Amino acid sequence: MKYLLLTALLLPFAASAADTDYTLIIKDHRFQPAELTVPAGKKIKLTIENKDATPEEFESYPLGREKVVAGNSTTTLYIGPLAPGRYPFYGEYNEATAQGVVIAK
Amino acid sequence: MFGTAVIVFREVLEAAIIIGIVAAATRDVPGRSRWLAGGLLLGLIGSGVVAASTDVIASMASGIGQELFNAIVLGIAVVMLAWHNIWMSSHGAALAAHARSVGSDIREGRSECSILLVVVGLAVLREGSETVLFLYGIAAADGGKMIPMLTGGLVGTLAGIAVGYTIFTGLLRIPLRWFFTATGMLVLLLAAGMASQAARFLIQADLLPSLAAPLWDTSATLPENSLPGMLLHSLIGYDARPAGMQIVFYITVLLTIAAGMKWANRPRQIIQQNRAAQL
């Protein structure tokens with residue numbers, strides 16, 4: 001277990017060279033853009049900027065991701081590599097309006 | 001109101017299930033209730049602190065502080081549950097035989113109590129901080145919506161606690177003969193599920209490769225946001241679309257704890273056999 005973790009901790013240094021960057025903005029409890037098209041089969045670095053004063057939780061079961069973004073702050077997380085398809089996500093704290101989808105092509 | 005109730009229920013459920021199982025598993029440990037209450041209280045205080053320092057935690061370790069924090073909290077809980085299970089394998093039979101009084105093991109009982117405190121505290125901390133943030137968002141946004149939303153939060157909390165309590169009382173009904181085997185199995189699966197969640201956070205932070213992602217997809221048959229999906233997620237770490245690395249963590253923890261339990265169980269059997277021979 002320990003060795004597994006140690007090896008794993010070293011891996012990103014080898015792998016992080018070819019990241020593809022995308023940005024999502026949260027404003028008025030909505031995601032902009034609501035549809036984010038990304039290349040399939042590549043690891044994506046997703047930057048989320050929350051321009052609202054209240055916190056939001058980026059959540060997606062299809063992507064297997066959840067991350068709290070504090071009010072007026074920016075965070076990053078990694079998704080993929082994804083098979084081609086649609087991967088809906090939402091803001092758990094404002095589910096009525098905060099809806100979006102990642103489209104992998 | 002309904003939406004709020006569902007969200008809060010989701011958060012509370014996981015902590016409630018963990019507490020229900022751990023409370024049942026430690027039924028015979030002296031002074032358990034006090035330690036359990038202490039863990040709950042510390043967890044709630046911690047939730048407030050973590051929620052208030054969300055942006056500080058998030059900006060630590062160049063933006064992956066939140067993932068590291070979650071993975072570490074889960075990791076500590078896994079170690080504590082492993083310790084509990086291994087300790088129980090060496091003492092469980094004695095506990096079962098003497099039913100409720102194992103006076104000679106008070107010292108070890110205390111270490112068992114601190115495990116209880118930590119596991120309960122961390123479970124509440126993790127799920128509680130998200131609930132606090134959610135409710136804070138509501139409180140900050142709109143005064144008119146606040147009362148129905150907070151009512152929803154209360155309903156969700158009570159429903160979550162009800163499920164945890166049902167599991168707790170259900171487990172206590174298991175005959176003593178099978179009780180420690182049953183709770184041991186549940187704690188084992190709980191720990192493996194937490195390890196899988198920890199792996200997911202480390203993948204999200206790009207500290208671990210996902211390996212095959214997803215390894216399978218059962219979201220059509222058993223979605224994770226359905227009630228059975230949520231229950232299975234909390235109980236055994238069910239994930240509808242797990243990454244290969246999550247399964248590696250799950251199986252590694254499962255086998256490691258199982259091996260530890262088997263190892264801890266051995267010397268006691270020999271002693272018992274010797275005692276039986278002397279009689």
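Guide: Begin with a helix pair: α1(B) and α6(B) are roughly parallel to each other. The word covers angles under 35 degrees; over 145 is roughly antiparallel, 65 to 115 roughly perpendicular, and the rest oblique. This is a predicted model, in which local features need pLDDT of at least 70 and side-chain atom pairs pLDDT 80 or more, while totals for chains, interfaces and linings use all residues. Residues are numbered from 1 along each chain as its sequence is written, and chains are lettered from A and ligands numbered from 1 in the order written.

Visitor: At what angle do α1(B) and α6(B) pack?

Guide: An axis is a line fitted to C-alpha atoms, for helices over the stretch in contact, and angles run from 0 to 180 degrees between N-to-C directions. Here the angle is about 25°, and the axes lie 7 Å apart. Helix α6 of chain B spans residues 146-172.

Visitor: By class, what is in the contact of α1(B) with α6(B)?

Guide: Contact means C-beta atoms, placed from the backbone, within 7 Å. Ala, Val, Leu, Ile, Met, Phe, Trp, Tyr, Cys and Pro count as nonpolar, Asp, Glu, Lys and Arg as charged, and the others, Gly among them, as polar. This contact has 24 nonpolar, eight polar and no charged residues.

Visitor: How do α1(B) and α8(B) cross?

Guide: Their axes come within 9 Å and cross at roughly 40°. That angle makes α1(B) oblique to α8(B). The crossing of this pair is right-handed. α1(B) brings Arg10(B), Leu13(B), Glu14(B) and Ile17(B), and α8(B) brings Met230(B), Ser234(B) and Leu235(B). By class, that is four nonpolar, one polar and two charged residues.

Visitor: Which residues of α8(B) are buried?

Guide: Count C-beta atoms, placed from the backbone, within 10 Å of a residue's own: 20 or more others is buried, 12 or fewer is exposed, and in between is partly exposed. In α8(B), the buried residues are Met230(B), His233(B) and Ser234(B). They sit on the same side of the helix, because they cover an arc of only 90° around its axis. The arc is that of the directions from the helix axis to the C-beta atoms. What covers them includes α1 of chain B. After α8(B) comes Gly237(B), with a positive phi near 80°.

Visitor: Where do non-glycine residues with positive phi turn up?

Guide: Take the loop between α7 and α8 of chain B. Asp206(B) lies there, with phi about 65°. Asp206(B) has 21 other C-beta atoms within 10 Å, so it is buried. Leu211(B) has 15, so it is partly exposed.

Visitor: Which elements of chain B touch chain A?

Guide: In total, 28 residues of chain B contact 26 of chain A. The elements of chain B that give two or more residues are α1, α3, α5, α7 and α9. α5(B) gives the largest share, six residues. By class, this side of chain B has twelve nonpolar, ten polar and six charged residues.

Visitor: What does Pro55(A) touch?

Guide: Pro55(A) sits in the loop between β4 and β5 of chain A. With 26 C-beta neighbours inside 10 Å, Pro55(A) counts as buried. Beyond four places away in sequence, its contacts include Val68(A) and Tyr93(A), along with Thr54(B), Leu133(B) and Gly137(B). Tyr93(A) is 38 residues away along the chain, yet the two C-alpha atoms are separated by 7.7 Å.

Visitor: Where are cis peptide bonds in chain A?

Guide: Check omega. From Gln32(A) to Pro33(A) the bond is cis, with omega near -5°. Pro33(A) is in the loop between β2 and β3. Gly80(A) and Pro81(A) are also joined by a cis bond, with omega about 0°. Pro81(A) is in the loop between β7 and β8.

Terms used. Helix = DSSP H or I, 4+ residues; strand = E, 2+ residues; numbered from the N terminus. Left-handed = near helix turned anticlockwise from the far one by under 90°. Contact = placed C-beta atoms within 7 Å.
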